[in-house]
Amino acid sequence: MEPGEAGLGTKGAPRFFCTAGRGLEPFLMREVRERLAATQVEYMSGKVFFITCSNLSMIKKLKSAERVFLLIKKQFPLTASSPSKGKILHEMRRLISDDPGSWLNAISLWKSLLENDAQKEKLSQSINNPLKRKVDENEIVISKKLKVEVQKNEEIQQAFPLVTQVEESALEQGDSNAGRENLQGKELEDEVEEAADAPSPAFTFRVSCRCSGTVAKVFTAQEVGKIIGIALMKQFGWKADLRTPNLEIFIHLNDVYSVLGIPLFRVPLASRTYIQMAGLRSTIAWAMASLADIKAGALVLDPMCGLGTILLEAAKEWPNVYYVGTDVSDSQLLGAQGNVKAANLQDRIELLKVSVVDLPLPSECVDSIISDIPFGKKFKLGKDITSILQEMERVLRVGGTIVLLLSEDHCRCLQDCGESSVPQSPPGSHPADPEGKENTIPSETESSLGEASKQECLDKMPPFGSLVAVECYKVSLGKTDAFICKYKKSQAARCYLPEPHCVQSSLLAS
């Protein structure tokens, strides 16, 4: 990985990065190319980097990203040869002092993005409300600048006690360099006092950190935040403000890379404003829908819809489609109805209380099926997964698509009842890194995202009747992993059970 020029691409375009759930990197890479016309797209585990000239309103439309940042710098990890506090502390300060111009360039870009977004919003408001009393322009711009907050972090203590903590830790560990590091601690204390005594500028900031690897063995994320904060105060004269800062600095340090950026939005993109009651993670739901080959005029079914998250994500992205969600749980359907109403999607989504193994639909009438199969922890499956897939297969048209979120147990069950050999891996398949390790893999095509591991993921997806496995992605759900599995119906199933009574709907009939 080459350390890039901070905040700028080869032609001066801003450089950004998004955080993503583990395993969703290929979805996000695809999305930034298609939605933002992004170039120089690359990924590390949990992050996607790219260059784009798109404005904030376009960037805000990303669906597979958790958060978006303007890149300050991305470089090799801290180079301390041993886990010495003094050496690592020196390397941390160099992140700021070695290239202050990159920080100033990033701040300038950040301000420009916010001002352009504020001007665009003001213009939109003036067009929509021509008679509305004008608000002072400076107030709007300043308001936009000063309200870039992120989700609440734990309250951090003041920076000054850090020096004592570092000194005491070194003594407790019996570090042979403790004396030297104590002197460095005194030097740091002097820097803190110098920064604190400087004139208080109007520009304020706070630092958020993630640490792993060698750095995490020596410093906590809280300590790293304080060290970086002190260096920024001394270098630029900024003032720390933990509650309502003008600017937030995000830092991730590990044994693979050091990444520094500025969050662009106060609320994570994954926190959808149109979802009233959260169920499945919205980014996972959108990723599943993106694989379902949804086209205008199609009939899309989620036969185990729960709170309706998959249907909401699909209906927002592909509007000219008719969606049907079914479930046997009254409480889940009630929550789904609330979500559909809050999102104002009643005209696109129909909800029914129906069993997944007794769908009131004619055979081969559905174009796409997308569903999160219960893992049995919060909701019991009730029926064998093979019975569920047989009913899905019955209602799916030939050439149609099924996208399922499956657990390891589901995959093992399907392997046991597989009828033929596993198909070859199609282009584009990608499981997440099975070990969860940090990877640095520049890429311009999804096919380069781990060729060797494609077959391993598809091995969990044997054909089922007329359903043929075509793609599989291993994704993280937090405490557990799951598989997003895509099937295509290659031919009519050999036999069907007698069709149940069908739903009377003009759209279904058509």
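This is a predicted model: local features need pLDDT of at least 70, side-chain atom pairs count only at pLDDT 80 or more; totals for chains, interfaces and linings use all residues.
Reader: How many residues does H1 itself have, and what span is expected for it?

Author: To read a helix, compare its end-to-end reach with the expected span. H1 covers residues 25–36, which makes 12 residues. From first C-alpha to last, H1 reaches 16 Å. That is close to the 16 Å expected at 1.5 Å a residue.

Reader: Is H1 mostly covered or mostly open?

Author: Mostly covered: nine of its 12 residues are buried. Among them are Phe27, Leu28, Met29, Val32 and Leu36.

Reader: Now the strands. Which way do S1 and S3 run relative to each other, parallel or antiparallel?

Author: Look for bridges between two strands, then for their direction. S1 spans residues 15–19 and runs antiparallel to S3, with five bridges joining the two. Take threonine 19: its bridge partner in S3 is lysine 47.

Reader: How many bridges pair S2 with S3?

Author: Four, again in the antiparallel sense. S2 is residues 39–44. Here glutamate 42 stands opposite phenylalanine 49 of S3.

Reader: What do S2 and S3 form, and how many residues lie between them?

Author: They form a hairpin, with two residues between the strands. Glycine 46 sits in the turn and has a positive phi of about 85°.

Reader: S3 pairs with S1 and with S2. Are the faces of S3 covered or open?

Author: Check each side of the strand in turn. On one side, Lys47, Phe49 and Ile51 are buried. On the other, Val48 and Phe50 are buried. Both faces are therefore covered, a residue being buried when its relative accessible area is under 20%. In total, five of the five residues in S3 are buried.

Reader: Zoom out. How many helices and strands does the protein chain have?

Author: It has 16 helices and 16 strands. Of its 510 residues, 52% count as buried. The chain exposes about 23700 Å², and carbon and sulfur atoms supply 50% of that.

Notes. Residues are numbered from 1 along each chain as its sequence is written. Side-chain values use heavy atoms; hydrogens and water are left out. Buried means under 20% relative accessible area, exposed over 50%, partly exposed in between (1.4 Å probe, protein chains only). Two strands pair if DSSP finds at least two bridges between them. Accessible areas come from the Shrake-Rupley method with a 1.4 Å probe; for residues, only the protein chains shown count as cover. The expected span of a helix is 1.5 Å times one less than its number of residues.
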